[in-house]
Amino acid sequence: MSDTLLEIHPVAGRIGAEVRNIRLSAELEPATFAAVRAALLRYKVLFFRGQQHLDDAGQEAFGKLWGELVAHPTVPVRDGTGYLLELDSEHGGRANSWHTDVTFDVAYPQASILRAVVIPAAGGDTVWANTAQAYQDLPPALRQLADQLWALHTNDYDYAARFNTTEAGLKRYREVFTATLYETEHPVVRVHPESGERTLVLGHFVKKLLGYPTPDSEHLLKLLESYITRLENTVRWRWSVGDVAIWDNRATQHYAVNDYGDQHRVVRRVTVAGDVPVSVDGRASVSRSVQRKPAESVRVPQPATVAP
């Protein structure tokens, strides 16, 4: 259906397609929206050029076609919006590490919709990786092992080491992003609820593999992650103002390339509520703990745009 109703141009061999000649809005015809949704399941991430007509309200309204919108669990939304997260490079919005959005939550988002507002003259691309294809690429014995693995995900990780941030950035991270601490146990391999594919659930929110000593956990995580981020499984998008990208957050990881120096970059995102992952043997993810820091220790700067 997507091939007959939409003008689709694959961008890379294993992931990503540009959809042309479509105006995104909450008024999309049901058949057209169904075709877009089918295309997303197939290509994992879709790109739409020339969507300058979308403002914050229009982006949120379009997002609601996909399901219930959810705000980021720890970072405040953009002023005047209900669900929109702004990532501003001048206020810490540089998520230059491989991740799947918000996997520290037990039912992390099913999809994210990102709109380009201010884009550098050069640099600032985003790269996505296909975690379903990565699973298929695993040697059979490693795939069998991955099917049995579980990992602890948390928003309380070594932010300073991972992002090489300033003291101000680290302070913002501690006061905003970890104002509430989450720990969740996810299977390393989940079954996609719509496509039935098996996908790898990893990325920078993983703290450790359950049941393994730290050195063994680190080695296994690096090995599995290497299959996700190999170039053959990725697509890289060069942004223009007005572009929109939509990705299946259950079957991808992404990385915002921080190569644009002091140029300004602003993108805005809405996310669609997800479901609790289920492992290949039918067990569901479990929230281990949610702990809010004492209110007096939390100060929320505006705009708060810590890398999610």
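Which residues are exposed on the other side of helix 5? Select Pro140, Ala141, Gln144 and Gln148 to see them; exposed means over 50% relative accessible area, buried under 20%, and partly exposed in between, with a 1.4 Å probe and protein chains only.

Before going on, note that this is a predicted model, where local features need pLDDT of at least 70, side-chain atom pairs count only at pLDDT 80 or more, and totals for chains, interfaces and linings use all residues. Residues are numbered from 1 along each chain as its sequence is written, and side-chain values use heavy atoms, leaving out hydrogens and water.

**Helix 5**

Now select Leu142, Ala146 and Asp147, the buried residues of helix 5 (residues 140–148). Seen down the helix axis, they fall within an arc of 145 degrees (taken from the directions from the axis to the C-beta atoms), so they line one face of the helix. Helices here are DSSP runs of H or I with at least four residues, and strands are runs of E with at least two, numbered from the N terminus.

Next, pick Phe33 in helix 2 (residues 30–43) and Trp66 in the loop between helix 3 (56–63) and strand 4 (69–70). Phe33 is buried at 13% relative accessible area, and Trp66 is buried at 4%.
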